[in-house]
Amino acid sequence: MARTEAAAGVNPGARRILLLRGAGLVVLAVVLLLLPMTANAIGDPALITLATRMIIYAIAAASLNLILGYGGLVSFGHAAYFGVGGYVVGILYFHFAADDLFLGFIPGSNQFLITLFAAMVVSGLAALVLGALSLRTTGLQFIMITLAFAQMVFFLFVSLKVYGGDDGLIVRRRNLLFGLNMANDTTFYFVCVTIAALYFAVFWRLVGSRFGLVLGGIRQNERRLAAIGISTYRYKLVAFVIAGIGAGIAGALMANFSKFVSPDMLHWSRSGELMIMVILGGGATLFGPAIGAVILVGLETVLTGWTEHWQFILGPILILIALFTRGGVLTLLENRRAPDA
Amino acid sequence: MTLALEQILNGVQFGVALFLLAAGLTLIFGIMGVINLAHGSLYLIGAYGAALVSQRTGSFILAILAGLAASAIAGLIIEFVVIRKLYARDHVQQVLATFGLILFINEGATILFGRQPLFVAMPPALSGAVEIIPGVPYPTYRLAVIAVGLLVAFGLYLFVNKTRVGMLVRAGATHRDMVRALGVDIRLLYTLVFGLGALLAGLAGLMAGPLLAVQVGMGEQILILTFVVVVIGGVGSIRGAFFGAMIVGITDTLLRGFLPALLRSLMTTSQADALAAGLSSMGIYLIMALVLLIKPQGLFSGQN
């Protein structure tokens with residue numbers, strides 16, 4: 001859309017936007033850096049874990065945004081890859097602790113870099129298989145099929161009694177990364193910030209690349225792209241896999257963060273939440289889903305503080321957002337500036 | 001052998017419930033182009049309406065009426081307040097709004113009725129068993145559910161294929177814009193279809209009451225299976241919904257019935273039971289994948 005092209009342009013208006021954006025990034029970096037210190041200073045260290053959760057969900061929501069926002073593929077099963085990433089960490093730790101082999105030949109691990117990589121590979125493969133099938137359909141069927149397949153993966157983990165079944169799996173200690181004290185919440189927060197920064201940098205390059213442009217074209221008019229000789233199915237499938245890998249990263253972080261994985265991570269309502277984050281913040285924007293994640297996780301925290309029945313309030317809020325904003329809170333601001341969208 | 005017959009009948013009975021939901025859902029998809037996640041909530045409302053009245057009055061007839069009325073009224077309110085504004089919107093916004101509806105209705109039901117599941121007494125006239133073939137008793141109530149479901153399916157078939165309104169419904173499912181262009185009051189048709197879908201969902205819910213525990217979350221469990229039915233049968237096709245529902249209902253029940261015993265010969269009982277539960281839950285999704293590979297539009301697609 002207009003945003004990516006504006007960045008490449010040379011007119012003064014575009015330059016101002018570029019400057020504003022640079023300043024925004026600097027402010028964001030400073031806030032993220034100072035947050036733990038501030039939280040401790042005001043005597044509210046729970047803010048650090050809250051921020052960690054927001055960052056992890058920001059990664060997951062951004063990964064969904066690649067297909068939902070940029071590609072226009074309404075996937076309602078994204079929590080499956082989030083959960084698979086988490087379970088890879090959980091299962092590898094389980095075999096590390098028991099000192100035996102997964103499937104008889106894969107040793108367990110508690111090394112963060114190894115488990116993270118494994119989570120990316122496995123969730124990417126899961127997305128490859130399920131995506132290849134789901135992408136044979138479009139529109140309504142695609143929504144229902146992604147949901148149904150995610151539900152299938154959910155039941156798979158429920159049935160694996162070895163790994164806790166319904167009750168889930170406890171990861172007694174966070175994975176090891178270099179010599180860092182990962183048990184410390186502030187240290188873990190900075191690990192998450194670093195990974196998120198890397199992730200968003202790669203994401204930014206990706207959506208600005210030829211691949212990203214083709215993906216946007218598919219959303220706008222798939223038939224036309226097919227007509228000029230682009231194999232849209234392949235592009236969509238690659239995007240689906242990349243999105244799955246992103247969710248796997250977030251899931252691996254979440255498993256380490258909460259030291260626990262359970263089928264709850266793959267529950268269909270979790271897919272719904274990820275979708276809400278994307279829509280809330282605005283699809284097809286770099287940081288929209290991150291803002292959506294901050295808003296939704298924040299809202300949940302505030303509302304649960306008020307009442308146990310917070311979903312009774314959240315539900316109508318979602319309905320109002322769907323009915324009265326078109327494409328998220330961010331675009332609400334953008335539209336006021338540029339009515340051409 | 002007798003066990004197999006019993007299981008197949010159980011499967012048909014489950015299939016009938018799925019069909020009642022899928023018929024409404026597939027029409028709402030096909031005609032209005034709306035993905036209604038809250039369809040399971042109408043099932044929930046029907047079940048709660050009937051369960052509460054049955055507990056208070058003890059009358060099954062009144063419970064049926066209450067369940068139907070509750071779901072129909074809730075359906076009309078939902079259509080009027082939310083769905084009506086979503087017709088021209090993206091699927092994303094429809095998903096968001098109806099997801100919000102689910103949260104609202106589920107949490108509302110929790111506030112009003114608590115988390116304890118309600119159990120509904122079987123109506124005395126139907127609580128016995130009938131010998132379907134000599135020596136094989138089968139619960140009367142389940143037979144009644146099958147009968148009602150098949151009757152409704154037949155009635156729906158007559159309505160859609162033999163009446164003028166049904167003709168508009170069929171036309172709406174395949175050529176929505178053309179129907180609109182010919183000057184049909186599409187709004188009224190939409191409300192009618194949504195109300196009908198709500199009524200069928202409520203019927204499925206109230207009939208499920210004496211068989212299952214009535215509790216929050218029952219709607220979503222069956223909703224996702226209904227999606228599978230619609231995908232297998234093809235969006236917009238009532239015939240597809242019927243056969244899809246039967247395929248899913250029977251497969252699911254048979255897998256649940258026979259897989260544990262099969263696996264128990266291979267591993268310890270508790271492990272076998274858990275694995276069988278998981279595999280039988282996954283079975284229908286594998287069938288869906290298979291159908292997709294062969295016919296991506298579903299077995300009886302109404303749209304091209």
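**The interface between chain A and chain B**

Chain B and chain A bury about 4,300 Å² between them, 80% of it on carbon and sulfur atoms; buried area is the accessible area (1.4 Å probe) that two parts lose on being put together, summed over both. This is a predicted model, in which local features need pLDDT of at least 70 and side-chain atom pairs count only at pLDDT 80 or more, while totals for chains, interfaces and linings use all residues. Residues are numbered from 1 along each chain as its sequence is written, chains are lettered from A in the order in which they are written, and side-chain values use heavy atoms, with hydrogens and water left out.

The contact (heavy atoms within 4.5 Å) involves 44 residues from chain A and 46 residues from chain B. One salt bridge crosses the interface, a salt bridge being a side-chain nitrogen of Lys or Arg within 4 Å of a carboxyl oxygen of Asp or Glu. Glu308(A) forms a salt bridge with Arg115(B), and their closest N and O atoms are 2.9 Å apart. On the side of chain B that touches chain A, helix 4 (91–113), helix 9 (218–233) and helix 11 (269–294) of chain B each supply at least two residues; helices are DSSP runs (H or I, at least four residues), numbered from the N terminus. Helix 4 of chain B gives the largest share of that side, 16 residues.

Chain A itself may now be considered. Buried residues (under 20% relative accessible area, 1.4 Å probe, protein chains only) make up 52% of its 341 residues. The C-alpha atoms of chain A fill a box of roughly 60 × 50 × 40 Å, taken along the principal axes.

Key
Buried < 20%, exposed > 50% of the residue type's maximum accessible area, 1.4 Å probe, protein only.
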